[in-house]
Amino acid sequence: MEFTALLIVAYFALLAVALRKRQRKVNGPWLFLLRAFFPNWQFFHGLGPAARLRVRARSGTGQWSDWQLVYPRLPRQAAHLVHNPAVNLALSQQNLVEHLATDVHDLAEQADIRDCVSYQLVTRLARDAVQGGRWGDTPLVPQPDWSVPEAFQFEVRLLRLGQSGDEQLLQSPVMPLSP
Amino acid sequence: MTLELPQAIRAFEILLGWSLLVQSAEYLQLHAIDRVSQWRIQRAEVPHARVRQALDWIYQPIPYHGMLGLRALLALALMLGLAGLGSALLLFVMALLLLLRWRGAFNGGSDFMTLVGLTGLLLAHAIARFTSPDTAWHVALWYVTVHSLSSYFVSGWVKLMRPEWRSGQALTVFLDHGVYGPLPEHSIFRSPRLALLCSWGFTLWEGLFPLALLDVRLAALLCATAVAFHFMVFWFFGLNRFFWAWLSTFPAILYCASLGML
């Protein structure tokens, strides 16, 4: 076996050993923005808690709607294989909700989650959902039970995939909708 | 059966170019449908004021769309075999700018694998300045191969270590939460036996993917399985960019397997 071949075998053996060890989390703004240079390739690896966004709206009469889930569910088309902007946008916005959940978890004492970019962007997502926003032709909230909302609120809940029940991670204050 | 270097380079360039073209067309359309991301908010995550100011200009609509248009043109040039060091460098820099625009990733793993492909392309053209183009491409294709094989290997072995994958439960749950989901009530993937079989099949196939380097025929079989796998991932989860990003690495794997080093 050549030296290069030995190196390849050693590399994958080392990778296998490293995967068994607990990995240290390294944080930093540049590391976050340039994390593509350090891919971990761990896709769909386990049934951990999954963040879900829910919104509700208040009408002019002061009545609140029920909480409505904002989660990407779009109709499949074979052509999406070559052009799929709406689905990819929807998935990136669901990732945003997951990032907010991580930010809440990692929030330093005395820090305010409202200062986080993820919080501000999820606020925009929730506002868009209440105002009839769409992923392509699909509404963010499929069957809204409000007509002319004047204020909204959102919450992030942690769902244990494969199990029943969830828990609230974050609830926003009530925010007015500009006319 | 072998894949010679010139054919591997051409196939790599065509597939990577196509992958970039698909992404660029989608990015161009996002402007009209995205009402959430806003650079004015996101810029706060960039730590350096000077970088922030430079990015403020780049992400204005006209320069940003100009960049995406140029990216699409360079992707076409790459497919036609007309991309040199300058094009490779520009494509790499634009990939970084897109990562920063989308908070590090727009589409997760596909962005990461696209960056691997573009780094390989840049390596090939940069190293060729100092040595023969064949040696440079040899290094670049090995770089892409190691990353691609690592992605399957890691993905397989982390599944092997998780009880929910070993029992088959994870597969049905993930499929139920897919963007095109949930699974129909009587879907065959709700069958615990089939879910168990598929889970073990995917786990072993991914974990053993590095064995592709043993023989080019085995590599071709593993890559063909990968095409079917990535198509299923697209079919259930909508991840079309993953399909093209990983496909673009297969010429590199087949070339390295053709060398018969193991």
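Helices (H or I, at least four residues) and strands (E, at least two) are DSSP runs, numbered from the N terminus. This is a predicted model, in which local features need pLDDT of at least 70, side-chain atom pairs count only at pLDDT 80 or more, and totals for chains, interfaces and linings use all residues. Residues are numbered from 1 along each chain as its sequence is written, while chains are lettered from A and ligands numbered from 1 in the order in which they are written.

**Figure 1. Chain A as a whole.** Four helices and seven strands make up the elements of chain A. Read from the N terminus, their order is α-α-β-β-α-α-β-β-β-β-β. The radius of gyration of chain A (taken over C-alpha atoms) is 21 Å, well over the 16 Å that the globule rule gives for 179 residues, so chain A is more spread out than a compact globule. The globule rule is 2.2 Å times the number of residues to the power 0.38. Along its principal axes, the C-alpha trace of chain A spans about 80 × 50 × 35 Å. Of the 179 residues in chain A, 29% are buried. A residue is buried if 20 or more other C-beta atoms lie within 10 Å of its own, exposed if 12 or fewer, and partly exposed in between, with C-beta atoms placed from the backbone. Two residues are in contact if their C-beta atoms, placed from the backbone, lie within 7 Å. Among contacts in chain A between residues at least 6 apart in sequence, 59% join residues at least 24 apart.

**Figure 2. Strand 5 of chain A and its partners.** Two strands pair if DSSP finds at least two bridges between them. Strand 5 (residues 149–160) of chain A pairs with strand 1 (residues 49–59) of chain A in the antiparallel sense, over 11 bridges. In this pairing A:Arg52 has A:Arg157 of strand 5 as its bridge partner. Strand 6 (residues 166–171) of chain A also runs antiparallel to strand 5, joined by five bridges, and A:Asp166 of strand 6 is the bridge partner of A:Leu159. Strands 5 and 6 of chain A form a hairpin with five residues between them, and A:Gly162 in the turn has a positive phi of about 85 degrees. Strand 7 (residues 175–176) of chain A is antiparallel to strand 5 and joined to it by two bridges. There, A:Pro176 of strand 7 is the bridge partner of A:Ala151.

**Figure 3. Helix 11 of chain B.** At 1.5 Å a residue, the 22 residues of helix 11 (residues 216–237) of chain B should span 32 Å, and the end C-alpha atoms are 30 Å apart, which agrees. The expected span is 1.5 Å times one less than the number of residues. Buried residues of helix 11 in chain B are B:Val216, B:Ala219, B:Leu222, B:Cys223, B:Ala226, B:Phe234 and B:Phe237. Seen down the helix axis, they fall within an arc of 120 degrees, so they line one face of helix 11; the arc is that of the directions from the helix axis to the C-beta atoms. The face turned away from this buried side carries the exposed residues B:Arg217, B:Ala224 and B:Ala228. Helix 12 (240–247) and helix 13 (250–258) of chain B are included in what covers the buried residues of helix 11. Just after helix 11, B:Gly238 takes a positive phi of about 75 degrees.

**Figure 4. Where chain B touches chain A.** In this region 55 residues of chain B are in contact with 52 residues of chain A. Helix 7 (133–160) of chain B gives the most to the side of chain B that touches chain A, with eight residues. The residues of that side divide into 30 nonpolar, 15 polar and 10 charged. Here Ala, Val, Leu, Ile, Met, Phe, Trp, Tyr, Cys and Pro count as nonpolar, Asp, Glu, Lys and Arg as charged, and the others, Gly among them, as polar. On the chain A side, A:Arg124 is placed in helix 4 (residues 117–130) of chain A. Leaving aside neighbours within four places in sequence, A:Arg124 is in contact with B:Val36 and B:Gln38. A:Arg124 counts as partly exposed because it has 17 C-beta neighbours inside 10 Å.

Figure 5. A:Gln110 lies in the loop between helix 3 (85–106) and helix 4 of chain A. Its phi is near 75 degrees, a positive value in a residue other than glycine. With 5 C-beta neighbours inside 10 Å, A:Gln110 counts as exposed. B:Arg103, in the loop between helix 5 and helix 6 of chain B, is a residue other than glycine with a positive phi, near 55 degrees. B:Arg103 counts as buried, with 20 C-beta neighbours inside 10 Å. B:Pro182 is found in the loop between helix 9 and helix 10 (192–207) of chain B. A cis peptide bond joins B:Gly181 and B:Pro182, with omega about -5 degrees.
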